[in-house]
Amino acid sequence: GSEGAIRMILKVSALADWNTANRSLFGFQVDASNRFFARTTAGAGSDYALNVFYAGGGVAINRILTKLNNFSDWVDIWISWSLAQGQFNIYTNGILCDWMRWNSETYPVALTGDWVGNLAVASAKLGQYSSPWKGWMTHPTILNRPVTAAEVRSTNPYGVILSDGDSRTAG
C-alpha cells in the first residue's frame with residue numbers, strides 16, 4: 001500500500017548464491033503498475049546486489065544495493081516506505097543503508113506513487129516471487145505503517161543478529 005514496513009532476517013545458503021540467480025525475498029502485487037519486491041540480482045558479478053522495486057500508480061522506484069558480500073552470515077533487513085512522508089528507507093542490521101552504494105542515486109529517495117487496487121492474494125509471497133529464496137529466512141514482519149530509525153535500532157541494538165544459544169548471548 002501507500003505505507004508500511006517489512007522485516008526479514010535471512011541468510012543465503014552460500015555467498016555465491018547472491019549472484020547466480022534472481023532469488024526473491026518477497027513480492028506483493030496488484031498488477032504491473034502496483035507491485036513491490038526484493039530479490040538478489042543474477043549477473044551482478046561480484047557486487048552481491050539486492051534489487052528493491054516499488055511501483056505505485058505506475059510510478060516506479062528501482063534501487064540496487066550492492067556490495068552485500070559482508071552478509072555471508074545472517075542479515076536483518078527492514079524496508080520502510082511512506083507516501084505521506086515521501087520516504088523509502090532500507091536498513092541492514094539496524095543501520096540505514098549507506099546511500100553512496102546506490103547506483104548513482106541520492107538520498108532521500110522520494111516516494112511519490114500510491115497503490116491503486118487490491119492486493120492479489122496469489123501474488124503475495126515471502127521467500128518466493130519470481131524465483132525462490134535459497135537459504136534461510138526467519139521472523140518476517142509486515143506492518144501497515146512505516147518504522148522509524150529508533151524502532152529499527154531497538155529491534156537490532158547491536159548491529160548483529162543475536163539468538164538464544166548464540167555464543168554472543170551466552171553468559
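This is a predicted model: local features need pLDDT of at least 70, side-chain atom pairs count only at pLDDT 80 or more; totals for chains, interfaces and linings use all residues.
Reader: Which residue in the turn between strand 4 and strand 5 has a positive phi?

Author: Strand 4 and strand 5 form a hairpin, with two residues between them. A positive phi of about 60° is found in that turn, and the residue that has it is G57.

Reader: Which strands stand at the edges of the open sheet?

Author: Five strands make up this open sheet with antiparallel pairing, and their order is 5-4-3-2-9. Each edge strand has a single partner strand, so one side of each is left without a neighbour in the sheet. The strands in this position are strand 5 (59-65) and strand 9 (125-126).

Reader: How many bridges pair strand 3 with strand 4?

Author: Strand 3 covers residues 34-40 and strand 4 covers residues 50-56. The two pair in the antiparallel sense, and the number of bridges is six.

Reader: Which strand gives the largest share of the lining of the largest cavity?

Author: The largest cavity holds about 30 Å³ of space, and its lining consists of I6, R7, M8, L25, F26, I77 and I79. The elements that give two or more residues to this lining are strand 1 (3-12), strand 2 (24-31) and strand 6 (75-82). The largest share is three residues, and it comes from strand 1.

Definitions and conventions:
Residues are numbered from 1 along each chain as its sequence is written. Side-chain values use heavy atoms; hydrogens and water are left out. Two strands pair if DSSP finds at least two bridges between them. Helices (H or I, at least four residues) and strands (E, at least two) are DSSP runs, numbered from the N terminus. On a 1 Å grid over the protein atoms alone, a cavity is a set of points where a 1.4 Å probe fits but cannot get out, and a pocket is an open set with protein on both sides within 12 Å along at least five of seven lines; lining residues have an atom within 4 Å of a point. Grid points are joined across faces, edges and corners, and a volume is the space filled by probe spheres set on the points.
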